[in-house]
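Please consult the sequence and the structure shown here alongside the text.

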Amino acid sequence: MAKKIAAFNWKLNPGTVEEFNTLHKQLKRLAKKYDSVEVVFAPPLPFIGYKHNKDGDQLVRSSQMISKEFAGAHTGEVSAAMIKSVGCVYSIIGHSERRKRYDYSQMEMRNKVTAAIFHKVKPIICFGEDVRDKKGMYIDTLEEQLVDALGGLTPTEIKKVVLAYEPIWAIGSGAKRPINEKELFSTIILIRNILSRNFGEDIAMKMPIIYGGSVKAHNAQTLANVQGVSGFLVGSASHDFEQIEPIISALSK
Ligand code: PGA
């Protein structure tokens, strides 16, 4: 059985290299202790190539974004080849905080995902609705986002993807409330139905779907127990020593 994924998106933290070293050391220790879980960290770009793994280290590296461009005159961008060459296994693509700031059209999403796969970086594709309307329009939003991101890929390429379901209403400091286990369970089924309709049964059943949005020490076990959840993408708790271990531990059971 595939390992569950505990992915820690550090966002714009930590502020210094000293703090990076402390956090990195802590996560490395936990990745070894809970080796039944794939522990992934996504640091800000200045730290992305720091502290390469030595033999026996289990900690897995991700970037928080990548460019769709391969090289050339694109100031401020970072390519899939660059992050691969400094040891990244994953790249988060389409996080809602970046979607809000930049234009993530269908082509932008597809090209970023294609660039990652071309360079053998596994995309963690974020998607999720802004609000849950009573009429169920949010279901169309989810389908649109999934088709936008995956539509250009072959079935073999789609199998390299991890989906991160992140309802915006449940994310970060602006969260209205955390998701509950019933909502999460029914949404995972809904997502698998959408995948089945668009990409076939095999992909729908095997696609890893991790959940992100206010995952904390206190709700990690309840959410980890939801059937079909392959792990978490953690934001604000991702650099909090008190919360990291219970979150990883919840996924190890
Ligand atoms: P949160 O963030 O855990 O702070 O809700 C999740 C995310 O933004 O990926």
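The points below cover aromatic pairs, their place in the chain and the exposure of their residues.

The model is predicted. It contains 9 aromatic pairs, among them Phe20 with Tyr50 and Phe70 with Phe118. A pair of aromatic rings is described by the distance of the centres and the angle of the planes.

**Phe20 and Tyr50**

- Phe20 belongs to helix H1 (residues 17-33), while Tyr50 sits in the loop between strand S2 (37-42) and strand S3 (60-63), so the pair ties together parts that are 30 residues apart in sequence.
- Phe20 is buried, because its relative accessible area of 0% falls under 20%.
- Tyr50, in contrast, is partly exposed at a relative accessible area of 36%.

**Phe70 and Phe118**

- Phe70 and Phe118 form a tilted pair, in which the centres are 5.3 Å apart and the planes make an angle of 50°.
- This pair links distant parts of the chain, 48 residues apart: Phe70 lies in the loop between S3 and helix H2 (80-85), and Phe118 in helix H4 (residues 106-118).
- Phe70 is partly exposed, with a relative accessibility of 43%.
- Phe118 has a relative accessibility of 57% and counts as exposed because this value is over 50%.

**Aromatic cluster**

- One aromatic cluster is formed by Trp10, Phe20, Phe41, Phe47 and Tyr50.

Notes. Residues are numbered from 1 along each chain as its sequence is written. This is a predicted model: local features need pLDDT of at least 70, side-chain atom pairs count only at pLDDT 80 or more; totals for chains, interfaces and linings use all residues. Side-chain values use heavy atoms; hydrogens and water are left out. Rings of Phe, Tyr and Trp (its six-membered ring) pair if their centres lie within 6.5 Å; planes under 30 degrees apart count as stacked, over 60 as edge-to-face and the rest as tilted. Helices (H or I, at least four residues) and strands (E, at least two) are DSSP runs, numbered from the N terminus. Buried means under 20% relative accessible area, exposed over 50%, partly exposed in between (1.4 Å probe, protein chains only).
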